[in-house]
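Please read it alongside the sequence and the structure.

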Amino acid sequence: MSVLEKLNKPRHHYFQLLKIHFAFFLLLYIPCRGQKKNPDIVNFNTDSGLPQNSVKDIKFDKAGYCWLATEMGIVRFDGKTFNIQSSSDIPGLRSERIQRMATDPKGNLYAEAGDMQTLLVIQKSRNTAPMPVLIKNERKHISTTGYLVLSPRLDSLKKALQNPAKLPGQIEIHSPTNGDIYVYHENELYYVQKDKLLQIGIKTRSDHKSQEACLGNSYLIQLWKNNEAKIWENGTAIDAVTKIQGDIENNADYLAGKYKLLWCENGTFVYSGKKLYRISFEPKQLIAREVFSEVDIPNLTCIYYYPQYQKYYLGSSTKGLYVLTLPLFNYPNIPNEITTQSFYSQVRTQDGRIFSKDGLFSRNGTSVFLPLKSEDGVANYINQNDQLYYEQNFVLKKYDLKTRRSMTILNLKSRLRSIFPHHSDLIFCTTNSVGQLAADTVKFWHKLPANVKAVSLSVLNENSFLLTTESGLKWYNLSQKIIYKSILDSLQIRAIYQDKGRLWIASYGKGVYLYEKGKLYPIPPGAQKSLKIVHAFIDDGLGYFWLPTNNGLFKVSKADLIAYAHGKTDHVYFYILTKENGLNTNEFNGGCDPAYLWMKDSMLSLPSIDGLVWFYPNKIRPAYPDKKIYIDRLLINNKISEITSGQISVSPDFFGLSLNVSCPFFGNPQNIHLEYQIFSLSDIWNTVPENGEIKLSRIPPGNYKIIVRRLSGKAGNNHETLEMKLEVKPWFYNTWWFYLLLLAGFGIVTHLIVRRRLNVLRKESKELEQLVTARTKELSAAVEELAQSESALLRSTRVKDKVITMVLHDLRSPISFLGTISNYLVVNHKLIDADTLSQKLGELQSGAQALRIFTEQFFTWATSQHEDFKISIKTIILQELFNEISGLYTDIVNNRGNQLIIPETNLTCQSDYQILTLIIRNLIDNANKNTRNGTVSIHTISDDNSITIAVSDTGSGLSETQINYFTDENRVPGNDGIGSMLILKMLKKIGGRLDIETSGHGSTFSVTLYHHLRPDTGVQAD
């Protein structure tokens, strides 16, 4: 039976009680493992990339880079890599040895190299990282401590003090912020201020040389061994100050003169006996406060303190660069009886101590071991009377810290997961049940469904609780003892947090979710999916969550998480604290209740696998990356290329482009995330490699933009970006001027082709126009001719109809006459006498002859109407023609009592015999018809060009109307025959002319024929 179990018995013996009290008193002195106090130290040397291990000075420039003065060049450090600049990189630099560095009031950084050369760190272009260049060093003095000095009076003083036989480094210059200048040379101190130069008498010691440094804005401090000190202001000593007070006063090494006085822009320090002290001048006294101890920096030369990162950069002349980070976290001592350092649930006592895992931890770092055997417990509760409820081997127990008594409450039969007050009772939850205690007595105890394994229980409202389980988050009604709602059933729930209607949910291995208004929103898993397991949501009351995980401690803005869940941003910045920041381990513990503990002074205690972690969240100033991104180097086809503008141009045949970027950052490397995108080529953001090198190759010609970004960590997740235009020049055949040339050539060729084509078209158009005009004329003529033909055909048809009517009419009379005569002769041929018979036969003959002549005339006229009618021109002996006519018409003429007179002629003519005969016969026939008891005569007249045949009669003559009617070619023939129409038609055929002369004593029809004229129709000559 244990001592504590004996105390729980009803028997109370005074002696036994004394033994217990004495045992507890002894517990206060149990040996413990120590609390972590010293800073984290990182040493950089030649193995890390330094050119050699002598660091003589440390400065930071305006861009945020750290610069180191070494014996083999000036080195730029961005927190990850070292960039070495030596005489091979800096034109004109004669020596690799960099003695010291200083900044001017504007922050420009200068360095002093061997041979009295001066370097200035500058940016050659807006986007390039700063690099050192050689400048003229006239009137620029690099101070030993303090700032760059520009003073003509100092020039004169240095020239007067310099001894060619001694090294120039023996002259020390100290220049505080206010512009005062102190010069130390061979135990003499000089004060320089504008137009004033004073030599200050100082105490000298043969056994120990003083050390000087600037202090604050306007002071110079001098130190000797035995803690002798002097402080100067405006060239005057402050006599009231003779030593440094504070933590350093009892440092034996310091008193023995084994110290190093150091200065940087952010403070003045003394390093002695493996301890660093910060010196400050407060009213009438110098105060030294210890910064850290037990840090051995051999051959310390220089220091730089960076408040933002809580880091100290220390240079050694033999060991390189040391970077010391002050611890942000404390670890209470762990009693040696606690063999494992993995902690879980914690509770706070009324006096401010913390109980966890059988340990009672005081804020001063000491601890007490309580043999409660609660190491495996993950849930605890302590009430206002310091009565502790805990689990021991599945048994719920209560221990009174005041009386040191323990009692058994209940056999739980499974792991206790949660226990907390609810009104005046206690609610407890095990892996498979939920119960309620009233005055340590079970009020009810309800078993959960078999498939539900609880992780923790928390209050939602009066009767409802949130039950985190290995199969989702469930809503549990205490009065009804039922689960009425469940989400994320496929996930094991690790932790939850209720926040103004929102429910933050952490799963085990599957990330974080926000549950709001019935909807689930996934939260980004962080870099390298570090947030797969979150042990708790810790609200600091300042708008941030602190998230302990298996991969470090994260800080994130709640507003950014909500914005991400609602789709208002695509990125969330998670600030991480790891072993880099002083944690013993990156792995925290969870799955316990409570999973964290706030102390009254806002200290936060977290369980981890390596003890309890104590820190003040509101005192941690996150070292967010806040510097610009710079281009460090550009290689095109493996050759360094200078960047002078915001654009990079490469030829189309380039095979490789390497762009090195850097962003000075000296915090946790996991808190800076650089991404790049090649805009216009891809919309994907890629992680910049650790060495900062972005490689591109074989990009098609075009205009692009290289964008490098990082999250700033500030509100709204703003990005800091570097943009560099990239032009991949096109091949000559893809250039605009080539296109213009092609266009111009195409235009010229097109112009020539078009011009030639236009000329051809104009020619063809002209020819076509001429052809159309000709064809139009022909067509017009044809149309006109057709119209005329149509009109002529119409007239011809009418004429033919008329002629047929006339012919039938004309034929009826002679035929009737012939019928009458022949009928008379048939009937009376026996009765009539010879004379009458002869007369009747003569009449019959005349009628038949007239009918024959009429038939021949009509036939000739009908023949002339055909298109294929041809005339035959030949020589005609007119006398033969006249004789033929005479034989034909003599009797006919005589029957009308007329006489035909034809004089002899020997004339000939060229004409168509049949047509000419037809014309003469018609003229004789007309003359005979118009004459009675008269004469009809034919006579001829000839000249050189023509011959005229005139037919005259002695009839009554013709009227003007008759002549016009006779000579009208277009008239429609009437009942008076077709003779006149036939004459005119036939004359036209043989090219003759008809003239008519008339009087009251007769008419003359003259036909004139021309020897050399040809007729107007087709002629068939002999």
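## Nonpolar surface patch

Which residues make a nonpolar surface patch of about 1100 Å²? The patch is made by Trp 731, Phe 732, Tyr 733, Trp 736, Trp 737, Leu 740, Leu 741, Leu 743 and Phe 746. Patch residues have over 30% relative accessible area and no salt bridge; like charges are joined within 9 Å, nonpolar side chains (Val, Leu, Ile, Met, Phe, Trp, Tyr) within 5 Å. Areas come from the Shrake-Rupley method with a 1.4 Å probe, and for residues only the protein chains shown count as cover.

One of the patch members, Leu 740, lies in helix 6 (residues 736-828). Helices (H or I, at least four residues) and strands (E, at least two) are DSSP runs, numbered from the N terminus. Leu 740 has a relative accessible area of 45%, so it is partly exposed. The classes are buried (under 20%), exposed (over 50%) and partly exposed (in between), with a 1.4 Å probe and protein chains only.

## Basis of the model

The model is predicted: local features need pLDDT of at least 70, side-chain atom pairs count only at pLDDT 80 or more, and totals for chains, interfaces and linings use all residues. Residues are numbered from 1 along each chain as its sequence is written, and side-chain values use heavy atoms, leaving out hydrogens and water.

## Aromatic contacts

The structure holds 42 aromatic pairs. Rings of Phe, Tyr and Trp (its six-membered ring) pair if their centres lie within 6.5 Å; planes under 30 degrees apart are stacked, over 60 edge-to-face, and the rest tilted. One cluster is linked by ring pairs: Phe 44, Phe 60, Phe 77, Phe 82, Tyr 304, Tyr 306, Tyr 309, Tyr 313, Phe 665 and Phe 666.

Charges also sit over rings. The charged end of Arg 76 is 4.7 Å from the ring centre of Tyr 65. For Lys 357 over Phe 343, the distance is 5.5 Å. The test needs NZ of Lys or CZ of Arg within 6 Å of the ring centre and within 35 degrees of the ring normal.

## Salt bridges

Side chains of opposite charge can pair when their charged atoms come close. A search of the whole structure finds 23 salt bridges. Each has a side-chain nitrogen of Lys or Arg within 4 Å of a carboxyl oxygen of Asp or Glu. Lys 56, Glu 71 and Arg 97 are linked in a network of them.

Arg 100 and Glu 112 meet at 3.2 Å, N to O. This pair links distant parts of the chain: strand 7 (residues 98-103) holds Arg 100 and strand 8 (residues 109-113) holds Glu 112, twelve residues apart. Arg 100 is buried at 19%. Glu 112 is buried at 13%. Lys 443 bridges to Asp 425, with the closest N and O atoms 3.2 Å apart. Here strand 40 (residues 441-447) is linked to strand 38 (residues 425-430), the two residues being 18 apart. Lys 443 is exposed at 54%, whereas Asp 425 is buried at 12%. Arg 289 and Glu 282 meet at 2.9 Å, N to O. Arg 289 is partly exposed at 42%, and Glu 282 is partly exposed at 26%.

## Two buried strand residues

Gln 85 is in strand 6 (residues 82-85). Its relative accessibility is 8%, so it counts as buried. A polar contact of 2.8 Å joins its side chain to that of Asn 83. Such a contact is a pair of N or O atoms within 3.5 Å; within protein, one must be able to donate a hydrogen and the other to accept it, and residues adjacent in sequence count only if both atoms are side-chain atoms.

Ile 334 is in strand 28 (residues 334-335). Ile 334 is buried, at 5%. Phe 369 is 35 residues from Ile 334 in sequence and 8.6 Å in space, C-alpha to C-alpha.
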